[in-house]
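Subject: Structure handover and notes

Hello,

Please find the structure below. My notes on it follow.

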Amino acid sequence: MSALLEARGVGKKFGGVQALKDVTLTINAGEIYGLIGPNGAGKTTFFNVLTGLYTRDGGEVLFAGSPLRLGSPHEVTRAGIARTFQNIRLFGNMTARENVMVGRHARTGAGVLGAVFRSAAARAEEAAIRRRADELLHYVGIADRGDDLARHLSYGDQRRLEIARALATEPKLLALDEPAAGMNATETAALRVLVEGLRADGVTVLLIEHDVKLVMGLCDRVAVLDYGEKIAEDVPAAVQKNPKVIEAYLGGSVA
Amino acid sequence: MDQKTKAYAGTFLIAAVLAVAPFAVGGAFGNTWVRVLDYAALYIILALGLNIVVGFAGLLDLGYIAFYAVGAYLYALLASPHFGLHWPAWAILPLGACVAGLFGVLLGAPTLRLRGDYLAIVTLGFGEIIRIFMNNLNAPINITNGPKGIARIDAISIAGQPLSKAIEIAGLKIPGVYLYYYLFVVLALGIVFVSIRLQDSRIGRAWVAIREDEIAAKACGIDTRNVKLLAFAMGASFGGVAGGLFAGFQEFVSPESFGLMESVMVLCMVVLGGMGHIPGVILGGLLLTVLPEAFRHGAGPAQQALFGKVLLDPESLRMLLFGIALIAVMLYRPAGLWPDARHRREMAEKKS
Ligand SMILES: Nc1ncnc2c1ncn2[C@@H]1O[C@H](COP(=O)(O)OP(=O)(O)O)[C@@H](O)[C@H]1O
Ligand SMILES: [Mg+2]
């Protein structure tokens, strides 16, 4: 197995809070890699650092063999990392289809002249964008909601739409931030099928999740963060038995 | 009638109305009012340009009139005795679009991290800076002729025929204001076309995405910096064209024409009409050009007839009514008089 993403000694500080401390981890191509940890452990921060939303204080990130540049989210997306957000961030007043079409931005190129003169090439590209958007809506199972406004979709469908939009960028690595949060059991089961399908289609997945059962069932390997530090990284069965992990979960989140 | 026939019929109707409008208006109310229509077309071009920045991309720009000024002064400098240059309009207007677009990028670049109120304040400052430059660039080298402005600017000519002079076609005398009307309307239609095409494109979607959620837009691979700059540049270039037309039409420019009040006026056209909605913006431009003129001409005589004397100076009354109308629209139609569905939803969302 080859490494798709290597984070080496990544750190991030917010004022006095050390949100990430020297995090080193490797995600292999083709696997589903879980990232778990108690609330406030730094999982989302890791995503934000990875995708260029926050600048990291230290360390480096290698993706597909080349270093990721700091602070340029759109370049990270172009390099092949797409993400969803813990608190869903759709374009609420655009339709579901338009949301996915925006996701094609990184892989298309029509500019002002193409838009105004509608050359044959520009028209073909626009048609391809639309076609791909419909395919992806179908892929995540919301083909019939294409014309609905994103904010009128049910919670579960919004999560799916966000995944479709992320897939539209043709990622090598898809990073999902708590995709099952707020979902009921049926929706979670469907999500699981979707993510397994992604792996079968060759997309590497980085999954932050609270639902331990889902993570353990789905992931090939799991890393555990606690107070910004990686305290374990192994196959799910081993992680579950790791005393440090048990300690972090029992000691960390009483609520 | 099927869809296509309807579309053709509609287009034909609009074309016919636009074609006879100056004759109807000129015949009924006199040529002063055709001149008002000329200005309306100019303002519609301006408003459509600002609409790209404010309506499409959601960036509040209060210094937009600066690009109008740049276009106007460029025309004035290149086609007047001031420098003894007499370039033709067809060369200056595209150049004006480019130069104004460049200014758009220059003014846009430092403000990219700002949003909302902060962006408004900074762009307001930029607008004033340009005006102050126009006012003061008469020493040590006299470039803009300062507050006195530049006079005796060449009228816009087409095929050697200056539009300021009446022409006769088959015994029908067509005055200059009519000719300008047709030129401005044709250009405004061109700008409408460009706006519609832009809105329904990859770039247009990117603008809406940035307006809706900038972080998500970035995560979709949109280079928000470039796409915003593009909005500034496109909007500014429309303003530059309008400015050039204004200079050729008036044959005189001075810094006074490009004050903050003008920026506010154009912004009002966009906001009152319906941000981001092209028909709404056109309506806004038309109403806010024609109604104030109507008040100016009508308020004095109306008071005379009602009260036997003029109680309120028409100019102040005009501003008063304008203010009241603005407040009323913001209260009862916050998304504008003729909003598009998306903005209406956004406004409803903010309210609830
Ligand atoms: N933008 C921010 N500014 C300040 N502190 C932050 C910010 N984002 C996260 N943090 C802090 O970093 C820590 C990790 O947060 P986060 O990564 O969201 O945790 P998780 O996703 O694992 O629940 C928390 O203490 C949080 O308060
Ligand atoms: Mg989180």
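Here is what was found, starting with conventions.

This is a predicted model: local features need pLDDT of at least 70, side-chain atom pairs count only at pLDDT 80 or more, and totals for chains, interfaces and linings use all residues. Residues are numbered from 1 along each chain as its sequence is written, chains are lettered from A and ligands numbered from 1 in the order in which they are written, and side-chain values use heavy atoms, with hydrogens and water left out.

**Domains of chain A**

Chain A splits into domain 1 (3-80 + 171-250) and domain 2 (92-155). The bounds come from an automatic or database domain assignment. Their centres, taken over C-alpha atoms, are 28 Å apart. Domain 1 brings 11 residues to the contact and domain 2 brings 7; contact means heavy atoms within 4.5 Å.

About 650 Å² is buried between the two domains, and carbon and sulfur atoms give 50% of that. Buried area is the accessible area (1.4 Å probe) that two parts lose on being put together, summed over both.

On the domain 1 side, helix H2 (73-79) and helix H7 (185-200) of chain A each supply at least two residues. H7(A) gives the most, with 4 residues. Helices (H or I, at least four residues) and strands (E, at least two) are DSSP runs, numbered from the N terminus.

**Chain A against chain B**

This contact takes 35 residues from chain A and 30 from chain B. The buried area is about 2,900 Å², with 59% from carbon and sulfur atoms. The chains share 3 salt bridges. B:Arg205 and A:Glu126 meet in a salt bridge through their side chains, at 2.7 Å, N to O. On the chain A side, H2, helix H3 (96-103), helix H4 (112-117) and helix H5 (120-139) each supply at least two residues.

An open sheet of 4 strands in chain A runs in the order E2-E1-E4-E5, with antiparallel pairing. Two strands pair if DSSP finds at least two bridges between them. The edges are strand E2 (17-28) and strand E5 (66-67) of chain A, each pairing on one side only. Strand E1 (residues 3-14) is joined to E2(A) by 8 bridges. In that pairing, A:Ala7 has A:Leu25 as its bridge partner.

Over all chains, the whole structure holds 21 salt bridges. In one, A:Arg221 and A:Glu31 have their closest N and O atoms 2.9 Å apart. A:Arg221 lies in strand E9 (residues 221-226) and A:Glu31 in the loop between E2 and strand E3 (32-36) of chain A, so the pair ties together parts 190 residues apart in sequence.

E9(A) also pairs with strand E10 (residues 229-234) of chain A through 5 bridges, running antiparallel. The two form a hairpin with 2 residues between them, and A:Tyr227 in the turn has a positive phi of about 45°. A:Asp226 stands opposite A:Glu229 in E10(A).

Best regards

Methods:
A salt bridge is a side-chain nitrogen of Lys or Arg within 4 Å of a carboxyl oxygen of Asp or Glu.
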